[in-house]
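Thanks for passing this one along.

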Amino acid sequence: MSDDRHSLLSCEHCGNVYRWHALAPREAASCARCESTLWRYSGLTPANWFALALGTLIIFLVANIYPVATLTVQGMVSDATFLDAVAITWRQDHWAVAIMTGIVGFLIPLLQIVLLLWVLGPLARGRLAPGFRTVLRMLGLVRPWSMVPVFLLGVVVSVVKLAGMASVAPAVGLLGFGFLTILLTIMSRLSPAAVWRMAELEGATEVHLPDMSGATVLAGCHVCGQVQALSSAEDPEATHHCRRCDAVLHYRKPDHLARTWALLLAAAVFYIPANVLPVMNITSLLGDGAHTILGGVVELYETGSWDIALIVFIASVVVPLTKILSLAFLAFTTQNGSATNLRQRTRLYQLVEFIGQWSMLDVFVVILLAALADFPGLMQISAAPGAAAFGLVVVLTMLAAMSFDMRRAWDVQERSEWAHDHPHFHEQVQASRPAERSPASPTV
(Lines give C-alpha, C1' and ligand atoms only; values in the text may rest on other atoms or scores of the structure.)
Protein backbone atom coordinates (compact mmCIF):
# COMPACT_ATOMS: atom_id res chain seq x y z
CA MET A 1 0.00 0.00 0.00
CA SER A 2 1.57 3.27 -0.98
CA ASP A 3 2.10 5.88 1.70
CA ASP A 4 -0.30 8.38 0.11
CA ARG A 5 -3.08 5.86 0.51
CA HIS A 6 -2.73 5.60 4.27
CA SER A 7 -5.71 6.84 6.24
CA LEU A 8 -6.01 10.15 8.06
CA LEU A 9 -6.67 10.57 11.74
CA SER A 10 -7.62 13.46 13.95
CA CYS A 11 -6.02 14.22 17.31
CA GLU A 12 -8.79 13.70 19.83
CA HIS A 13 -7.48 16.45 22.12
CA CYS A 14 -6.83 19.37 19.76
CA GLY A 15 -8.42 18.37 16.42
CA ASN A 16 -5.34 18.52 14.18
CA VAL A 17 -5.46 16.08 11.28
CA TYR A 18 -2.56 13.81 10.29
CA ARG A 19 -1.77 11.07 7.82
CA TRP A 20 -0.93 7.70 9.37
CA HIS A 21 2.38 6.10 8.51
CA ALA A 22 4.40 3.15 9.75
CA LEU A 23 6.81 3.57 12.65
CA ALA A 24 10.05 1.85 13.57
CA PRO A 25 10.33 -0.20 16.80
CA ARG A 26 10.04 1.90 19.98
CA GLU A 27 8.81 4.93 18.05
CA ALA A 28 5.71 6.91 18.84
CA ALA A 29 3.87 9.55 16.82
CA SER A 30 2.88 12.63 18.76
CA CYS A 31 0.78 15.64 17.87
CA ALA A 32 2.90 18.63 16.89
CA ARG A 33 0.30 20.93 18.39
CA CYS A 34 -0.72 19.54 21.80
CA GLU A 35 1.97 16.83 22.15
CA SER A 36 -0.58 14.06 22.71
CA THR A 37 0.49 10.58 21.61
CA LEU A 38 -1.33 9.68 18.40
CA TRP A 39 -0.18 6.09 17.92
CA ARG A 40 2.72 3.80 18.82
CA TYR A 41 4.68 1.15 17.00
CA SER A 42 3.28 -2.37 17.24
CA GLY A 43 4.95 -5.40 15.76
CA LEU A 44 2.02 -7.71 16.50
CA THR A 45 -0.06 -9.11 13.64
CA PRO A 46 -3.82 -9.74 13.89
CA ALA A 47 -3.02 -13.43 14.52
CA ASN A 48 -0.73 -12.43 17.41
CA TRP A 49 -3.41 -10.17 18.87
CA PHE A 50 -6.01 -12.94 18.53
CA ALA A 51 -3.79 -15.39 20.43
CA LEU A 52 -3.22 -12.76 23.12
CA ALA A 53 -6.98 -12.11 23.40
CA LEU A 54 -7.64 -15.86 23.66
CA GLY A 55 -5.08 -16.15 26.46
CA THR A 56 -6.71 -13.17 28.19
CA LEU A 57 -10.09 -14.94 28.10
CA ILE A 58 -8.61 -18.09 29.68
CA ILE A 59 -6.93 -16.07 32.45
CA PHE A 60 -10.19 -14.15 32.96
CA LEU A 61 -12.07 -17.40 33.58
CA VAL A 62 -9.39 -18.67 35.98
CA ALA A 63 -9.38 -15.38 37.91
CA ASN A 64 -13.16 -15.46 38.35
CA ILE A 65 -13.60 -19.18 39.04
CA TYR A 66 -11.02 -19.49 41.81
CA PRO A 67 -11.15 -17.57 45.13
CA VAL A 68 -8.98 -14.46 45.44
CA ALA A 69 -8.30 -14.96 49.16
CA THR A 70 -9.04 -17.27 52.10
CA LEU A 71 -9.95 -16.05 55.60
CA THR A 72 -9.67 -18.21 58.74
CA VAL A 73 -11.29 -17.18 62.04
CA GLN A 74 -11.42 -19.53 65.06
CA GLY A 75 -11.27 -22.62 62.90
CA MET A 76 -13.86 -21.35 60.40
CA VAL A 77 -12.72 -20.83 56.84
CA SER A 78 -14.19 -18.48 54.25
CA ASP A 79 -13.07 -17.82 50.70
CA ALA A 80 -14.60 -15.73 47.95
CA THR A 81 -14.43 -15.11 44.25
CA PHE A 82 -15.28 -11.77 42.72
CA LEU A 83 -18.74 -13.04 41.77
CA ASP A 84 -19.25 -14.28 45.36
CA ALA A 85 -18.58 -10.75 46.55
CA VAL A 86 -21.13 -9.31 44.13
CA ALA A 87 -23.74 -11.95 45.05
CA ILE A 88 -23.33 -11.41 48.81
CA THR A 89 -23.62 -7.64 48.37
CA TRP A 90 -26.84 -8.23 46.41
CA ARG A 91 -28.25 -10.50 49.14
CA GLN A 92 -27.49 -7.79 51.68
CA ASP A 93 -29.89 -5.56 49.68
CA HIS A 94 -27.19 -3.18 48.46
CA TRP A 95 -28.32 -3.55 44.86
CA ALA A 96 -26.78 -0.37 43.49
CA VAL A 97 -23.30 -1.34 44.73
CA ALA A 98 -23.69 -4.92 43.46
CA ILE A 99 -24.84 -3.78 40.02
CA MET A 100 -22.07 -1.20 39.62
CA THR A 101 -19.25 -3.50 40.68
CA GLY A 102 -20.63 -6.49 38.76
CA ILE A 103 -20.82 -4.47 35.55
CA VAL A 104 -17.40 -2.77 35.67
CA GLY A 105 -15.54 -5.69 37.24
CA PHE A 106 -17.00 -8.66 35.36
CA LEU A 107 -19.48 -7.98 32.55
CA ILE A 108 -17.62 -5.18 30.78
CA PRO A 109 -14.13 -6.81 30.90
CA LEU A 110 -15.66 -10.06 29.61
CA LEU A 111 -17.54 -8.21 26.87
CA GLN A 112 -14.36 -6.34 25.90
CA ILE A 113 -12.44 -9.61 25.48
CA VAL A 114 -15.25 -11.32 23.54
CA LEU A 115 -15.67 -8.36 21.17
CA LEU A 116 -11.95 -8.34 20.43
CA LEU A 117 -11.96 -12.08 19.76
CA TRP A 118 -14.94 -11.65 17.44
CA VAL A 119 -13.15 -9.14 15.20
CA LEU A 120 -9.56 -10.41 15.48
CA GLY A 121 -10.32 -14.03 14.51
CA PRO A 122 -11.55 -13.28 10.97
CA LEU A 123 -9.08 -10.37 10.65
CA ALA A 124 -6.22 -12.82 11.19
CA ARG A 125 -7.43 -14.52 7.98
CA GLY A 126 -7.63 -11.25 6.08
CA ARG A 127 -11.39 -10.60 6.23
CA LEU A 128 -13.87 -8.62 8.30
CA ALA A 129 -16.03 -10.29 10.94
CA PRO A 130 -19.84 -10.18 10.61
CA GLY A 131 -21.11 -6.98 12.15
CA PHE A 132 -17.58 -5.53 12.21
CA ARG A 133 -18.77 -1.92 12.39
CA THR A 134 -21.34 -2.56 15.13
CA VAL A 135 -18.94 -4.62 17.23
CA LEU A 136 -16.26 -1.94 17.14
CA ARG A 137 -18.79 0.73 18.10
CA MET A 138 -19.68 -1.40 21.12
CA LEU A 139 -15.98 -1.82 21.94
CA GLY A 140 -15.56 1.94 21.94
CA LEU A 141 -18.38 2.28 24.47
CA VAL A 142 -17.17 -0.33 26.97
CA ARG A 143 -13.37 0.22 26.96
CA PRO A 144 -13.27 3.12 29.49
CA TRP A 145 -15.38 1.18 32.00
CA SER A 146 -13.24 -1.95 32.43
CA MET A 147 -11.91 -1.81 36.01
CA VAL A 148 -10.04 -5.08 36.62
CA PRO A 149 -6.80 -3.30 37.73
CA VAL A 150 -8.78 -1.36 40.35
CA PHE A 151 -10.27 -4.59 41.73
CA LEU A 152 -6.78 -6.14 41.94
CA LEU A 153 -5.62 -3.26 44.13
CA GLY A 154 -8.85 -3.63 46.11
CA VAL A 155 -7.94 -7.26 46.91
CA VAL A 156 -4.56 -6.16 48.24
CA VAL A 157 -6.15 -3.50 50.44
CA SER A 158 -8.76 -5.97 51.71
CA VAL A 159 -6.12 -8.54 52.66
CA VAL A 160 -4.20 -5.89 54.63
CA LYS A 161 -7.38 -4.71 56.38
CA LEU A 162 -8.33 -8.25 57.47
CA ALA A 163 -4.81 -9.31 58.44
CA GLY A 164 -5.19 -7.74 61.86
CA MET A 165 -8.45 -9.58 62.59
CA ALA A 166 -7.82 -13.05 61.22
CA SER A 167 -5.52 -15.26 59.21
CA VAL A 168 -5.69 -14.24 55.54
CA ALA A 169 -3.99 -16.04 52.67
CA PRO A 170 -3.97 -15.07 48.97
CA ALA A 171 -5.48 -17.67 46.63
CA VAL A 172 -5.23 -18.66 42.97
CA GLY A 173 -7.76 -16.06 41.87
CA LEU A 174 -5.50 -13.23 43.06
CA LEU A 175 -2.65 -14.48 40.87
CA GLY A 176 -5.13 -14.76 38.00
CA PHE A 177 -6.23 -11.14 38.44
CA GLY A 178 -2.58 -10.08 38.49
CA PHE A 179 -1.93 -11.66 35.09
CA LEU A 180 -5.31 -10.45 33.83
CA THR A 181 -4.41 -6.86 34.71
CA ILE A 182 -1.22 -7.08 32.66
CA LEU A 183 -2.96 -8.66 29.67
CA LEU A 184 -5.88 -6.21 29.68
CA THR A 185 -3.43 -3.31 29.88
CA ILE A 186 -1.75 -4.62 26.73
CA MET A 187 -5.11 -5.26 25.03
CA SER A 188 -6.25 -1.71 25.85
CA ARG A 189 -3.97 -0.52 23.03
CA LEU A 190 -6.49 -2.03 20.60
CA SER A 191 -8.86 0.87 20.32
CA PRO A 192 -11.52 0.70 17.58
CA ALA A 193 -9.41 3.12 15.50
CA ALA A 194 -6.37 0.84 15.87
CA VAL A 195 -8.40 -2.20 14.75
CA TRP A 196 -9.72 -0.31 11.71
CA ARG A 197 -6.19 0.69 10.78
CA MET A 198 -5.10 -2.92 11.16
CA ALA A 199 -7.91 -3.97 8.82
CA GLU A 200 -6.68 -1.43 6.27
CA LEU A 201 -3.13 -2.75 6.45
CA GLU A 202 -4.35 -6.34 6.04
CA GLY A 203 -6.35 -5.35 2.96
CA ALA A 204 -9.63 -6.39 4.59
CA THR A 205 -11.14 -2.96 3.99
CA GLU A 206 -10.38 -0.04 1.73
CA VAL A 207 -8.70 3.15 2.85
CA HIS A 208 -11.32 5.89 3.03
CA LEU A 209 -9.93 9.35 2.27
CA PRO A 210 -12.15 12.42 2.60
CA ASP A 211 -13.36 14.27 -0.46
CA MET A 212 -11.74 17.67 0.00
CA SER A 213 -13.72 19.39 -2.76
CA GLY A 214 -16.03 21.95 -1.23
CA ALA A 215 -14.95 21.02 2.30
CA THR A 216 -15.16 23.51 5.13
CA VAL A 217 -13.91 21.44 8.07
CA LEU A 218 -12.44 18.01 8.71
CA ALA A 219 -14.12 15.96 11.44
CA GLY A 220 -12.70 12.83 13.05
CA CYS A 221 -14.98 9.99 14.14
CA HIS A 222 -14.57 9.38 17.86
CA VAL A 223 -15.13 5.62 17.34
CA CYS A 224 -13.14 4.51 14.28
CA GLY A 225 -10.94 7.57 13.81
CA GLN A 226 -12.08 8.10 10.20
CA VAL A 227 -11.53 11.69 9.10
CA GLN A 228 -14.18 13.06 6.79
CA ALA A 229 -14.82 16.40 5.19
CA LEU A 230 -18.02 18.30 5.92
CA SER A 231 -18.96 20.40 2.94
CA SER A 232 -20.16 23.96 2.98
CA ALA A 233 -23.69 22.68 2.39
CA GLU A 234 -23.62 20.92 5.77
CA ASP A 235 -23.80 22.47 9.20
CA PRO A 236 -20.61 21.33 10.97
CA GLU A 237 -22.31 21.53 14.37
CA ALA A 238 -25.20 19.31 13.27
CA THR A 239 -25.37 15.56 13.84
CA HIS A 240 -23.79 13.46 11.08
CA HIS A 241 -22.94 9.79 10.66
CA CYS A 242 -19.50 8.38 10.02
CA ARG A 243 -19.16 7.23 6.41
CA ARG A 244 -17.07 4.25 7.51
CA CYS A 245 -18.55 2.86 10.75
CA ASP A 246 -21.94 4.70 10.78
CA ALA A 247 -21.38 6.03 14.31
CA VAL A 248 -22.95 9.34 15.28
CA LEU A 249 -20.48 12.04 14.29
CA HIS A 250 -20.11 15.60 15.53
CA TYR A 251 -17.48 18.10 14.46
CA ARG A 252 -17.33 18.98 18.14
CA LYS A 253 -19.23 17.56 21.11
CA PRO A 254 -22.56 19.42 21.35
CA ASP A 255 -23.36 21.40 24.51
CA HIS A 256 -20.19 20.04 26.11
CA LEU A 257 -19.94 22.74 28.77
CA ALA A 258 -23.57 22.43 29.87
CA ARG A 259 -23.25 18.65 30.14
CA THR A 260 -19.92 18.87 31.96
CA TRP A 261 -21.16 21.42 34.52
CA ALA A 262 -24.36 19.43 35.16
CA LEU A 263 -22.47 16.18 35.76
CA LEU A 264 -19.85 17.92 37.92
CA LEU A 265 -22.56 19.51 40.05
CA ALA A 266 -24.23 16.13 40.55
CA ALA A 267 -20.86 14.56 41.43
CA ALA A 268 -20.14 17.32 43.96
CA VAL A 269 -23.54 16.74 45.59
CA PHE A 270 -22.95 12.99 45.96
CA TYR A 271 -19.36 13.58 47.13
CA ILE A 272 -20.67 14.90 50.45
CA PRO A 273 -22.66 11.79 51.55
CA ALA A 274 -19.92 9.59 50.07
CA ASN A 275 -17.51 10.98 52.66
CA VAL A 276 -19.90 11.68 55.53
CA LEU A 277 -21.95 8.48 55.48
CA PRO A 278 -20.36 5.12 56.38
CA VAL A 279 -19.26 2.98 53.45
CA MET A 280 -19.43 -0.26 55.45
CA ASN A 281 -20.90 -1.71 58.64
CA ILE A 282 -19.10 -4.27 60.81
CA THR A 283 -21.04 -6.59 63.15
CA SER A 284 -19.03 -8.73 65.57
CA LEU A 285 -19.10 -10.15 69.10
CA LEU A 286 -17.45 -6.96 70.28
CA GLY A 287 -20.30 -4.83 68.96
CA ASP A 288 -21.38 -3.01 65.83
CA GLY A 289 -19.46 -0.29 64.05
CA ALA A 290 -19.76 1.91 60.99
CA HIS A 291 -16.75 3.06 58.99
CA THR A 292 -16.41 6.06 56.72
CA ILE A 293 -13.71 6.35 54.07
CA LEU A 294 -11.50 8.56 56.23
CA GLY A 295 -12.14 6.30 59.20
CA GLY A 296 -10.81 3.36 57.21
CA VAL A 297 -7.70 5.34 56.24
CA VAL A 298 -7.03 6.20 59.90
CA GLU A 299 -7.54 2.58 60.93
CA LEU A 300 -5.02 1.36 58.35
CA TYR A 301 -2.52 3.97 59.51
CA GLU A 302 -2.93 3.04 63.18
CA THR A 303 -2.35 -0.64 62.43
CA GLY A 304 0.99 0.21 60.82
CA SER A 305 -0.08 -0.07 57.18
CA TRP A 306 0.72 3.54 56.37
CA ASP A 307 1.59 2.73 52.76
CA ILE A 308 -1.79 1.09 52.10
CA ALA A 309 -3.48 3.95 54.01
CA LEU A 310 -1.78 6.42 51.68
CA ILE A 311 -2.95 4.51 48.59
CA VAL A 312 -6.54 4.40 49.84
CA PHE A 313 -6.45 8.10 50.81
CA ILE A 314 -5.16 9.11 47.37
CA ALA A 315 -7.55 6.85 45.43
CA SER A 316 -10.67 7.52 47.52
CA VAL A 317 -10.26 11.13 48.69
CA VAL A 318 -7.66 12.96 46.62
CA VAL A 319 -8.50 11.50 43.19
CA PRO A 320 -12.27 12.25 43.11
CA LEU A 321 -11.72 15.74 44.52
CA THR A 322 -8.91 16.35 42.01
CA LYS A 323 -11.15 15.23 39.15
CA ILE A 324 -13.98 17.55 40.18
CA LEU A 325 -11.73 20.59 40.69
CA SER A 326 -9.65 19.95 37.56
CA LEU A 327 -12.68 19.52 35.30
CA ALA A 328 -14.26 22.63 36.85
CA PHE A 329 -11.06 24.58 36.07
CA LEU A 330 -10.95 23.27 32.49
CA ALA A 331 -14.62 24.05 31.91
CA PHE A 332 -14.29 27.53 33.43
CA THR A 333 -11.24 28.51 31.35
CA THR A 334 -12.81 27.18 28.16
CA GLN A 335 -16.09 28.94 28.86
CA ASN A 336 -14.21 32.22 29.34
CA GLY A 337 -12.39 31.83 26.02
CA SER A 338 -8.92 31.43 27.49
CA ALA A 339 -6.25 30.32 25.00
CA THR A 340 -3.33 30.28 27.44
CA ASN A 341 -1.37 27.25 28.64
CA LEU A 342 -3.28 24.95 26.32
CA ARG A 343 -0.67 22.20 26.33
CA GLN A 344 -0.62 22.16 30.14
CA ARG A 345 -4.41 22.14 30.26
CA THR A 346 -4.47 19.27 27.74
CA ARG A 347 -2.08 17.24 29.94
CA LEU A 348 -4.31 17.99 32.93
CA TYR A 349 -7.31 16.68 31.00
CA GLN A 350 -5.38 13.54 30.04
CA LEU A 351 -4.54 13.03 33.72
CA VAL A 352 -8.22 13.31 34.65
CA GLU A 353 -9.07 10.70 32.01
CA PHE A 354 -6.34 8.37 33.27
CA ILE A 355 -7.23 8.46 36.98
CA GLY A 356 -10.98 8.37 36.38
CA GLN A 357 -11.67 4.76 37.36
CA TRP A 358 -9.30 4.45 40.34
CA SER A 359 -11.75 6.10 42.71
CA MET A 360 -13.77 2.87 42.60
CA LEU A 361 -11.15 1.26 44.86
CA ASP A 362 -13.05 1.61 48.14
CA VAL A 363 -16.24 0.20 46.63
CA PHE A 364 -14.39 -2.96 45.54
CA VAL A 365 -12.78 -3.22 48.98
CA VAL A 366 -16.17 -3.08 50.69
CA ILE A 367 -17.77 -5.88 48.65
CA LEU A 368 -14.72 -8.12 49.01
CA LEU A 369 -14.62 -7.62 52.78
CA ALA A 370 -18.34 -8.45 52.90
CA ALA A 371 -17.69 -11.72 51.07
CA LEU A 372 -14.64 -12.81 53.07
CA ALA A 373 -15.81 -11.79 56.55
CA ASP A 374 -19.16 -13.58 56.28
CA PHE A 375 -19.43 -15.50 59.58
CA PRO A 376 -23.02 -15.16 60.88
CA GLY A 377 -23.07 -14.81 64.65
CA LEU A 378 -19.34 -14.09 64.82
CA MET A 379 -18.45 -11.36 62.34
CA GLN A 380 -20.15 -9.86 59.31
CA ILE A 381 -19.31 -6.91 57.09
CA SER A 382 -21.81 -5.25 54.77
CA ALA A 383 -21.88 -2.25 52.47
CA ALA A 384 -23.44 1.00 53.72
CA PRO A 385 -25.15 3.94 51.94
CA GLY A 386 -21.84 5.79 51.52
CA ALA A 387 -20.57 3.08 49.17
CA ALA A 388 -23.39 3.63 46.68
CA ALA A 389 -22.92 7.41 46.83
CA PHE A 390 -19.21 6.99 46.26
CA GLY A 391 -19.78 4.74 43.26
CA LEU A 392 -22.07 7.38 41.76
CA VAL A 393 -19.35 10.02 42.21
CA VAL A 394 -16.98 7.84 40.18
CA VAL A 395 -19.51 7.30 37.40
CA LEU A 396 -20.56 10.96 37.24
CA THR A 397 -16.99 12.30 37.12
CA MET A 398 -16.08 9.84 34.37
CA LEU A 399 -19.13 10.92 32.36
CA ALA A 400 -18.19 14.56 32.95
CA ALA A 401 -14.70 13.93 31.57
CA MET A 402 -16.19 12.17 28.53
CA SER A 403 -18.59 15.08 27.95
CA PHE A 404 -15.89 17.76 28.00
CA ASP A 405 -14.35 18.65 24.62
CA MET A 406 -10.76 19.87 24.90
CA ARG A 407 -10.78 20.72 21.19
CA ARG A 408 -13.07 23.69 21.89
CA ALA A 409 -10.26 25.36 23.85
CA TRP A 410 -7.85 24.86 20.95
CA ASP A 411 -10.48 26.29 18.60
CA VAL A 412 -10.21 29.56 20.52
CA GLN A 413 -6.51 29.72 19.73
CA GLU A 414 -7.13 28.82 16.09
CA ARG A 415 -9.44 31.80 15.77
CA SER A 416 -6.84 34.11 17.29
CA GLU A 417 -4.24 36.24 15.51
CA TRP A 418 -1.90 33.22 15.38
CA ALA A 419 -4.36 31.09 13.38
CA HIS A 420 -2.19 31.18 10.26
CA ASP A 421 0.77 29.81 12.22
CA HIS A 422 -1.27 26.81 13.43
CA PRO A 423 -2.92 25.23 10.33
CA HIS A 424 -5.70 22.69 10.81
CA PHE A 425 -4.41 20.03 8.42
CA HIS A 426 -0.96 18.42 8.55
CA GLU A 427 0.42 15.84 6.14
CA GLN A 428 3.30 14.79 8.38
CA VAL A 429 3.51 13.85 12.04
CA GLN A 430 6.15 13.90 14.66
CA ALA A 431 7.60 10.39 14.98
CA SER A 432 10.17 10.06 17.71
CA ARG A 433 11.62 7.68 20.22
CA PRO A 434 10.36 8.09 23.82
CA ALA A 435 13.68 9.61 24.91
CA GLU A 436 14.04 11.87 21.87
CA ARG A 437 11.24 14.09 20.61
CA SER A 438 11.96 16.38 17.70
CA PRO A 439 9.45 18.95 16.38
CA ALA A 440 7.35 17.97 13.39
CA SER A 441 7.37 19.81 10.09
CA PRO A 442 3.68 20.30 9.29
CA THR A 443 2.60 21.20 5.79
CA VAL A 444 -0.77 22.46 4.64
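How are α4 and α7 oriented to each other: roughly parallel or roughly antiparallel? I take that pair at the start; please bear in mind throughout that the model is predicted.

1. Helix α4 (residues 132-142) and helix α7 (residues 192-201) have axes that come within 9 Å and cross at roughly 150°. Angles over 145 degrees count as roughly antiparallel, and α4 and α7 are therefore roughly antiparallel to each other.

2. On the α4 side of that contact you will find F132, R133, L136, L139 and G140, which meet P192, V195, W196 and A199 in α7. Sorted by class, the contact of α4 with α7 holds seven nonpolar residues, one polar and one charged.

3. Next comes helix α5 (residues 148-163), which packs with helix α6 (residues 172-187) at an angle of about 150°, the axes being 9 Å apart. That angle makes α5 roughly antiparallel to α6. The crossing of α5 and α6 is left-handed.

4. Which residues of α5 and α6 meet? From α5 come V148, P149, F151, L152 and V155, and from α6 come L174, F177, G178, L180, T181 and L184. By class, the contact of α5 with α6 has nine nonpolar and two polar residues, with no charged ones.

5. Helix α5 also contacts helix α10 (residues 306-335): their axes come within 11 Å and cross at roughly 135°. That makes α5 oblique to α10, and the crossing of α5 and α10 is left-handed.

6. In this contact, L153, V156, V157 and V160 of α5 meet I308, I311 and V312 of α10. The class count for α5 with α10 is seven nonpolar, no polar and no charged residues. As a reminder when reading such lists, an α-helix has 3.6 residues a turn, so residues three or four places apart point the same way.

7. Finally, a look at helix α3 (residues 95-123) by itself. At 1.5 Å a residue, its 29 residues should span 42 Å, and the end C-alpha atoms are 40 Å apart, which agrees. When you inspect α3, do look at I103, where α3 bends by about 40°.

Technical notes. Residues numbered from 1 in each chain as written. Predicted model: local features only at pLDDT ≥ 70, side-chain atom pairs only at ≥ 80, totals over all residues. Heavy atoms only, no water. Helix = DSSP H or I, 4+ residues; strand = E, 2+ residues; numbered from the N terminus. Expected span 1.5 Å × (residues − 1). Bend = angle between axes of the 7 residues up to and from the residue. Axes fitted to C-alpha atoms, helices over the stretch in contact; angles between N-to-C directions. Parallel < 35°, antiparallel > 145°, perpendicular 65-115°, else oblique. Left-handed = near helix turned anticlockwise from the far one by under 90°. Contact = heavy atoms within 4.5 Å. Nonpolar A, V, L, I, M, F, W, Y, C, P; charged D, E, K, R; others polar.
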